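Subject: Handover of a structure

Dear colleague,

Please find the structure below, followed by notes on what was found in it. I would be glad if you read the two side by side.

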Amino acid sequence: MGNVATEIRSFYSIREMCEALEEDILQNKGIVEEYSQWLGSFLRDSDVAQENEEWRKTLEKLGKAKSRRKTKKAKKRGKSGSKQWSSDHWIQFKEIMLSASEQGEAEILFDAIESLSNKVDRLEKAKDSLLELERSRLGGDITYIAYFCDGIPEKVVLRHRKDQEFEKKFQYMADFSIVKDA
């Protein structure tokens, strides 16, 4: 559905839901790869990085240390960290941060890569959970109604299709009876 952060989607099998998650995983991994290449190119070609090798090393360390630090924070809180690391090159403008520096560009690339990598991890864990659920052999007559938040399935309602068909017939019969009496 594109950029929808919160949505409810129906699936006719766990396999169908896993395939949708796999597509999202591949898409996010592709974006991570693209941003990683952009960051690598940026660090190699940056005038500042060429003039200041220490800054480049600091950024590379930041990328590694930041991932470990945020992962530890996320495990403590049970979700990805909401407070973003920022250098002195940022200023607050209402609800957003602004930077005119190359360091700022590198920081947003690190942030995007880390955020997407965390999302891929969460998608893979959700997919693994679904595959384990599939092994329980719930039956083929179930519709899975999934609540997605930030593109990650968080809750799934299991509905028997026969119940849904009965409800549709009942609704149709009720409507028919009302129309016929009028």
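Lys94 is exposed, with a relative accessible area of 68% (buried means under 20% relative accessible area, exposed over 50%, and partly exposed in between, with a 1.4 Å probe and protein chains only). Lys94 lies in the loop between β2 (91–93) and β3 (96–98), where helices (H or I, at least four residues) and strands (E, at least two) are DSSP runs numbered from the N terminus. Although Lys94 is not a glycine, its phi is positive, at about 55°. Most residues other than glycine have a negative phi. Asp150 is also not a glycine and has a positive phi of about 55°; its place is in the loop between β4 and β5 (152–160), and with a relative accessible area of 47% Asp150 is partly exposed.

**Basis and confidence**

This is a predicted model, in which local features need pLDDT of at least 70 and side-chain atom pairs count only at pLDDT 80 or more, while totals for chains, interfaces and linings use all residues. Residues are numbered from 1 along each chain as its sequence is written, and side-chain values use heavy atoms, with hydrogens and water left out.

The mean pLDDT (the predictor's confidence in each residue, from 0 to 100) of the protein chain is 76, and 63% of its residues reach 70 or more.

**Overall layout**

The protein chain has 5 helices and 5 strands, which follow the pattern β-α-α-α-β-β-α-β-β-α along the sequence. Of its 182 residues, 27% are buried, and residues 24 or more positions apart account for 61% of the contacts with a separation of 6 or more.

The axes of α1 and α4 (lines fitted to C-alpha atoms, for helices over the stretch in contact, with angles from 0 to 180 degrees between N-to-C directions) come within 9 Å and cross at roughly 160°. α1 and α4 are therefore roughly antiparallel to each other, since angles over 145 degrees count as roughly antiparallel, under 35 as roughly parallel, 65 to 115 as roughly perpendicular and the rest as oblique.

**Ala5 and Asp150**

Ala5, in the segment before β1, is partly exposed at 38% relative accessibility. The C-alpha atoms of Ala5 and Asp150 are separated by 4.3 Å, although the two are 145 residues apart along the chain. Leaving out residues up to four places away in sequence, Ala5 touches Phe148, Cys149, Asp150 and Gly151.

Technical notes
Contact means heavy atoms within 4.5 Å.
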